[in-house]
Structure formats: structure tokens, C-alpha cells
Amino acid sequence: MEARIIDGKKLSERLKEDIKARVEGLKQKGVIPGLAVILVGNDPASAVYVRNKERDCNQVGIQSRVVKLDEDTPQRELLEYIYKLNADPTIHGILVQLPLPPHMDPNAVINAIDPSKDVDGFHPVNMGRLVIGEECFEPCTPKGIIRLIQETGQPIAGKHAVVIGRSNIVGKPVALMLLRHNATVTICHSKTVNLKEITRQADILVVAVGKPNLIDGSFIKPGAIVIDVGINRVEDQLVGDVNFQDACRVAGWITPVPGGVGPMTRTMLLENTILAAEKKWAG
Ligand code: NAD
């Protein structure tokens, strides 16, 4: 068997066309969707992520505003910026690039964002809504993962989905979203015993750990959908958590790294920003 590739790059380009049309629609109503991205400090990877977000916004016609703050900015000052952006009617989405410097409390910072502008979906109000099944901003990476699974044309309902990883930004929310789509969900993590025994039962396997080659073909049920969320730098190359070549022999569908989840995460941020602007316009 040779797995079919779920091409996140192609899918996100297609979705961006739809986003562009929605931006146009908003502009005709006199609304220019705006996204503010706050970057604190000099982390080179974060700087690249922020530049990419600016580029993505430009591509679809969203106005981006980048706020750059020094590494030693007091948390109070960051919170004041957030409050200003909360009150700014030209800004529909606010994102604080993580990680923050060690003297800042990321929870306090995320809590300061107005939930109606929380396009990253990390605010406890949005997370809580996700848990109880209410409308909310879904976090971008999990939202992109669901779209990638749907791209296979296979139903999620009734499938056994196994998620490896329980972080607040990927593992937990994607498990909740799979549950919302009526999958039977198992969450595995660093303390899980007999990981392979569990993953081999998965019709849908989402791997979000951050360890290259953690999963090879022997962990995969034949024909399964495998979503590799991991991003690891190995000898100057980006690889996922899944041994791609080996997994391809067993899986039915698989996402590549790069070109799978990554581009979808970026595109879902644009989609959430448009959603925020549309909601604001609709009152
Ligand atoms: P994290 O470090 O917060 O969480 C990792 C999880 O893996 C933990 O819940 C831990 O319990 C689990 N884990 C660790 N070792 C394990 C093991 N041996 N077996 C089973 N579980 C184990 O990481 P995160 O923020 O969730 O990110 C995970 C990976 O996804 C990273 O490589 C990150 O770079 C990547 N990521 C990619 C995107 C994207 O857009 N493509 C977005 C977010 C994160």
C-alpha cells in the first residue's frame, strides 16, 4: 500500500481564495479586516512566524499591524497594549506570539485579550465554549487538522481517533474537536503505557509530540489517516514526528512535513480573523 498524501499547501491555497472573496465582501460593506500581532523579544523563530503572518495577511487583503516590544518590556506594558487593541475598532483579531519571555505569565496575557478578538482561540472563554460545544474561535492548528482529515472524504463520525500529545494548543483541543465530530477519541501522552497497542487501533492518528521518528509504520493501522503535527529540525531539515517513508507503506492517507499541518495553521488564522470581522459587522 502507498499512502495518499493530504496536501496542506494546496488545500490552504484553495481556502485562501475563499478567504479573499470574504475579505472583498467585507470591504464592500466598508469593513477592512485587521489583525494585530504582538511580538515580544528577539526569538528568531518567532520573528519568522510573525513575518509569515504579515505576508499571509497581505496575500488575502487583511490589514496586519505588528507590535514589536523589547524583551525586557514589563508585563503591565504588554497588557496595556492589549487593552488598547481590544478597544480599537479597526482591529478584529489579536494574537500574541508565543513563547513569551520568562518574566511574563502567558495565561495572564492571553486572559487580557477580548475573547471576541481571540483569533488564536486560546482564551479560556473560547476553550470553555469548545468544551461545552458552543460556537467559538477554534484554535488554528486543530482547526486545520480537522480540515485535512475532511479532505480525505472519509467520515470522522464513528471512527476511533487517537491523539498523541495533550498540550493546550494542539492535543487537547484537537481531541475535543474530533469528539465534536463524533469520533471515539483516545488521548495518549508521555505517561501512556503500551502506546503502540493503542495507536494500532486508530482509524485516525494525530501525532503532536515534537519527537522525530517517534511513529513508524509499526504503530499504524493499515489504511489509517495519519496527521503529523510535529515540527522538528534535524540536520538543518524540517521533519515531523512520523517516519514518513515507513508510514507511507501502511497508512491510507498521510500529511507531509513540511507542507501538511503548517500551512493550514497559517490559513486558519486568516479564516478566524475574517470570522471575527464578519461577526463584528453582523453585531
Ligand atoms: P508540547 O511539548 O506542549 O506537548 C507535547 C506532548 O507530547 C505532551 O502532551 C507530552 O505528554 C507528549 N509526549 C511527549 N513524549 C511522548 C512520548 N514519548 N509518547 C507519547 N507522548 C509524548 O508540544 P505542542 O506544542 O503540542 O507541539 C507538538 C509538536 O507539534 C511540536 O513539534 C510543535 O513544534 C508542533 N506544532 C506544529 C504546529 C504546526 O502548525 N504545524 C503547531 C503547533 C505545534
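Colleague: Which residue does D56 form a salt bridge with?
Modeller: D56 pairs with R266, and their closest N and O atoms are 2.8 Å apart. A salt bridge here is a side-chain nitrogen of Lys or Arg within 4 Å of a carboxyl oxygen of Asp or Glu. D56 sits in helix α2 (residues 44-60) and R266 in helix α10, 210 residues apart, so the pair links distant parts of the chain. Helices (H or I, at least four residues) and strands (E, at least two) are DSSP runs, numbered from the N terminus.

Colleague: Before we go on, what kind of model is this?
Modeller: The model is predicted: local features need pLDDT of at least 70, side-chain atom pairs count only at pLDDT 80 or more, and totals for chains, interfaces and linings use all residues. Residues are numbered from 1 along each chain as its sequence is written, and side-chain values use heavy atoms, with hydrogens and water left out.

Colleague: Back to that pair. Is D56 buried or exposed?
Modeller: D56 is buried, at 3% relative accessible area. R266 is partly exposed, at 30%. Buried means under 20% relative accessible area, exposed means over 50%, and partly exposed is in between (1.4 Å probe, protein chains only).

Colleague: How many salt bridges does the structure hold?
Modeller: There are 13. One of them joins E278 and R22, with the closest N and O atoms 2.8 Å apart. E278 lies in helix α10 (residues 261-282) and R22 in helix α1 (residues 8-28), so this pair ties together parts that are 256 residues apart in sequence. E278 is partly exposed at 25%, and R22 is partly exposed at 22%.

Colleague: And which side chain does E271 meet in a salt bridge?
Modeller: That would be R147, at 2.7 Å from N to O. E271 is in helix α10 and R147 in helix α6 (residues 140-150), 124 residues apart. E271 is buried at 7% relative accessibility, while R147 is partly exposed at 23%. Salt bridges with shared partners join K143, R147 and E271 into one network.

Colleague: Let's stay with α6. How many of its residues are buried?
Modeller: 9 of its 11 residues, so by the under-20% cut-off α6 is mostly covered. Among the buried ones are C140, P142, K143, I145 and I149.

Colleague: What covers them?
Modeller: The cover includes α1, α7 (171-180), β7 (204-207), β8 (225-228) and α10.

Colleague: Pick one residue. What does I149 touch?
Modeller: I149 is in helix α6 and is buried, at 0% relative accessibility. Leaving aside neighbours within four places in sequence, I149 is in contact with Q154, I156, L178, I204, I225 and I227. Contact means heavy atoms within 4.5 Å.

Colleague: Now one from α10. What is M268 in contact with?
Modeller: M268 lies in helix α10 and is buried at 0%. Neighbours within four places aside, M268 contacts L15, C140, K143, G144 and R147.

Colleague: New topic. Which residues touch the most other members of the largest nonpolar core?
Modeller: I62, I145, I149, L178, V206, I227 and V229, in a core of 48 residues. A nonpolar core is a set of buried Ala, Val, Leu, Ile, Met, Phe, Trp, Tyr and Cys residues joined through side-chain atoms within 4.5 Å. Helix α10 gives the largest share, 8 residues. The core draws at least three residues from each of domain 1 (30-114) and domain 2 (140-262). Those domain bounds come from an automatic or database domain assignment.

Colleague: How far apart are the centres of domain 1 and domain 2?
Modeller: 29 Å, taken over C-alpha atoms.

Colleague: What about a second core?
Modeller: A second, separate core has 19 residues, including C188, I215, I220 and C248.

Colleague: Last one. Which ring does K29 lie over?
Modeller: K29 lies over the face of W281, 4.4 Å from the ring centre. The charged end of K196 sits over the ring of F219, 4.9 Å from its centre. The rule needs NZ of Lys or CZ of Arg within 6 Å of the ring centre and within 35 degrees of the ring normal.
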